[in-house]
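Hi everyone, thanks for coming. Today I'd like to walk you through the side-chain contacts in one model, so please have a look at it with me.

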Amino acid sequence: ERFEREKRILKYRRPFVDQEEYPEARELLAAIPEDCFVRNTWLSCVYMTFSFVLVVGCGIAAWKFLPNPGTWSAVAVFLWVLYAAVQGTVATGLWVIAHECGHDAFSDNKTLQTVVGFVIHSFMLVPYFSWQRSHALHHAKTNHLTLGETHVPNLTGSPAGSVYLAVYNEYGEDAWAILNCFNHFVIGWPAYLLMGASGSPERGTASHFYPNNDQLFPGKWKQKVFISDVGVLAAILGLVWWGQVAGSPMVLALYVGPYFVVNFWLVLYTWLQHTDMDVPHYDSENWTW
């Protein structure tokens with residue numbers, strides 16, 4: 001069965017052909033139309049407002065019309081899970097607005113851009129400046145075998161690689177796929193923020209909440225990490241206060257459920273972009289970009 005599955009996969013694969021020469025960065029930039037580099041503040045704010053209204057609207061509708069989540073009835077659980085799927089998907093759009101702020105693509109008004117990105121990501125428990133820095137390295141070193149940031153593959157012979165391979169060989173492909181999905185979709189994003197899971201093995205363990213890694217957070221970035229912490233802490237305190245006022249079940253249903261769905265989408269599309277079997281990775285010796 002496994003052999004037949006691999007044959008079907010191979011039938012539709014298009015192996016990557018490594019070129020002898022690649023275009024320089026300036027050549028790629030020159031090929032992009034100039035209007036793609038224009039930041040339209042008004043349009044960005046329209047997108048942000050649209051996403052914000054959808055998120056707030058979904059939340060209000062659920063609060064008004066869905067059963068009290070504290071009852072834990074089968075109907076209530078089903079409807080709140082459905083709400084989490086919808087709201088989490090909608091809120092991913094708002095997450096991406098903050099992502100564009102981190103990329104300096106939201107507006108020429110840097111203050112507005114920073115405030116928007118900081119507030120949105122803090123509300124979603126993302127340390128804005130810390131992630132802005134690590135995400136910039138992620139793009140700068142995409143598919144570098146040792147200096148990439150997020151979804152860096154484990155090398156053959158490395159401790160983690162040996163453990164993963166042993167589990168795969170012991171329990172089989174299907175069990176490994178389930179375990180891998182759980183690791184990525186449920187604990188992957190928090191684990192990355194807390195301890196740099198799947199980050200650069202050369203830079204080593206790094207937390208987005210404490211600037212213990214000088215390579216990831218040099219100089220002024222250390223202070224920005226602590227500023228990011230303040231934003232996330234304020235959001236957590238707000239959730240605690242909300243729980244005291246409205247009850248923990250309501251906070252779990254309205255916020256925590258969609259939070260995990262947002263994380264699911266974030267990890268899924270990033271994971272798919274960087275781990276196709278035919279996308280090459282390069283070590284320091286072959287990295288020329």
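Let me start with a term: a residue is buried under 20% relative accessible area, exposed over 50%, and partly exposed in between, using a 1.4 Å probe and protein chains only. Please keep in mind that this is a predicted model, where local features need pLDDT of at least 70, side-chain atom pairs count only at pLDDT 80 or more, and totals for chains, interfaces and linings use all residues. Residues are numbered from 1 along each chain as its sequence is written, and side-chain values use heavy atoms, with hydrogens and water left out.

Now, salt bridges. The cut-off is a side-chain nitrogen of Lys or Arg within 4 Å of a carboxyl oxygen of Asp or Glu. How many salt bridges does a search of the whole structure find? There are 5.

One of them joins Lys222 to Asp214, with 2.5 Å between the closest N and O atoms. Lys222 has a relative accessible area of 25%, so it counts as partly exposed, while Asp214, at 52%, is exposed. Elsewhere, shared partners join Arg39, Asp104, Asp108 and Lys110 into one salt-bridge network.

Within that group, Arg39 and Asp108 have their closest N and O atoms 2.9 Å apart. Arg39 sits in the loop between helix 2 (25-31) and helix 3 (41-65), and Asp108 in the loop between helix 4 (74-102) and helix 5, so this pair ties together parts that are 69 residues apart in sequence. Helices here are DSSP runs of H or I, at least four residues, numbered from the N terminus.

Then there is Glu149 with Arg203, at 2.7 Å between the closest N and O atoms. Are these two buried or exposed? Both Glu149 and Arg203 are buried.

On to the aromatics. Rings of Phe, Tyr and Trp (its six-membered ring) pair if their centres lie within 6.5 Å; planes under 30 degrees apart are stacked, over 60 edge-to-face, and the rest tilted. That rule gives 14 aromatic pairs. Among them, Phe118 and Phe129 are tilted, 5.8 Å centre to centre with 35° between the planes. This pair links helix 5 (residues 110-123) with helix 6 (residues 128-140).

Tyr255 and Tyr259, in contrast, are stacked, at 6.2 Å and 15°. Both lie in helix 10 (residues 248-274), about one turn of the helix apart. Finally, Trp95, Trp131, Trp189 and Tyr192 form one aromatic cluster. Thanks, everyone!

Technical notes: Helices (H or I, at least four residues) and strands (E, at least two) are DSSP runs, numbered from the N terminus.
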